[in-house]
Amino acid sequence: MNKNKEEMLDFLVKAFIAESDDYKHITVPEDETQKMVILRSLMNVRKPRKMDDEVLKVQDEFLKLCAEEKGIVELKDIPIIKDIFSIWQGDITRLKVDAIVNAANSIMLGCWAPMHLCIDNQIHTFSGIQLRAECNEKMQELKKKYGQNYEQPTAVPMLTDAYNLPSKKVIHIVGPIVYGELTEKLEKELADCYGKTLDMCLENGLKTVAFCCISTGEFRFPKQRAAEIAIDTTKKWFVEHPKAMDRIIFNVFKDEDKKHYERKLQ
């Protein structure tokens, strides 16, 4: 970690600790990796509220350096497999596309578990605390309309800025949760996640999108069937809207998911 980035990290850790009554007595380790764990954790548990402009400025500079270090992946770096479809394996927060898709929960405020490995946590962390704040603003408006107990329904997308990510936008969507057997209703809900996300892209002039593997993690949707539904739904949408998108990317993280998508798409 370069000196300038180290100084920014130290500043941010102190700033996030200082604003928190619960964690203001925490001991900060010397190790830079452990400092990053503390910063990420504090970001993950932070409630949406105003932050000092100077802290936000440093956070933004720091996260942009993080993005550069991870390596920004541009569209030209991702080969097309068929028509406008691509498969890319890796961290979705590296992709420089019009929109990346976040597998959100119904509260729509990101993952609150410190350092959790889910995509929701990854996107909110490296986008910055502004993302949770924007999601909260949108949810508060929806609660005014539908009541304070409102939660985002399955397959209803929400569009936000991406802030410090290479992508322009983030589309947050709640996938179906599989509690027991897979049903036609659950399959239809997953298909709607892909179709309605593409509808949102069309409505907002977003020409390139990267889908994560919606619902296949903690929501327990079977991976192979999820891949089949994702590809069948997006292919059908593409036939119906042949000029609407320049690229549709299936972002996978695990080798198992990659094999399912490759087998279905090729």
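How many aromatic pairs does a search of the whole structure find? The search finds five aromatic pairs. Rings of Phe, Tyr and Trp (its six-membered ring) pair if their centres lie within 6.5 Å; planes under 30 degrees apart count as stacked, over 60 as edge-to-face and the rest as tilted. Phe85 lies in strand 2 and Phe250 in strand 8, 165 residues apart, and the pair links distant parts of the chain.

This is a predicted model: local features need pLDDT of at least 70, side-chain atom pairs count only at pLDDT 80 or more, and totals for chains, interfaces and linings use all residues. Residues are numbered from 1 along each chain as its sequence is written, and side-chain values use heavy atoms, leaving out hydrogens and water.

**The sheet**

Helices (H or I, at least four residues) and strands (E, at least two) are DSSP runs, numbered from the N terminus. Six strands form an open sheet with mixed pairing, in the order 2-8-7-4-6-5. Two strands pair if DSSP finds at least two bridges between them. Strand 2 (85–89) and strand 5 (158–161) stand at the edges. Each has a single partner strand, so one side of each is left without a neighbour in the sheet. Neighbouring strands are turned by 25° against each other on average, direction ignored.

Strand 2 pairs with strand 8 (residues 247–252) in the parallel sense, over five bridges. Trp88 has Asn251 in strand 8 as its bridge partner.

Helix 4 (residues 119–127) packs on this sheet and touches strand 4 (99–104) and strand 6 (169–174). Its direction makes about 125° with that of strand 4. Helix 6 (residues 184–203) also packs on the sheet, touching strand 4, strand 5, strand 6, strand 7 (208–211) and strand 8. Contact means heavy atoms within 4.5 Å.

Gln122 is in helix 4. Gln122 touches Arg40, Lys70, Asp91 and Thr93, not counting residues up to four places away in sequence.

**Two helix pairs**

Two packed helices are described by the angle between their axes and the distance between the axes. Axes are lines fitted to C-alpha atoms, for helices over the stretch in contact, and angles run from 0 to 180 degrees between N-to-C directions.

| Helices | Angle | Axis distance |
|---|---|---|
| Helix 2 (residues 32–45) and helix 3 (residues 53–70) | about 120° | 14 Å apart |
| Helix 7 (residues 223–240) and helix 8 (residues 255–265) | roughly 40° | within 9 Å |

Helix 2 is oblique to helix 3, and helix 7 is oblique to helix 8. Angles under 35 degrees count as roughly parallel, over 145 as roughly antiparallel, 65 to 115 as roughly perpendicular and the rest as oblique.

Met36, Leu39 and Met43 in helix 2 meet Gln59, Phe62, Leu63 and Cys66 in helix 3. These residues divide into six nonpolar, one polar and no charged. Ala, Val, Leu, Ile, Met, Phe, Trp, Tyr, Cys and Pro count as nonpolar, Asp, Glu, Lys and Arg as charged, and the others, Gly among them, as polar.

The residues of the contact of helix 7 with helix 8 divide into six nonpolar, two polar and seven charged.
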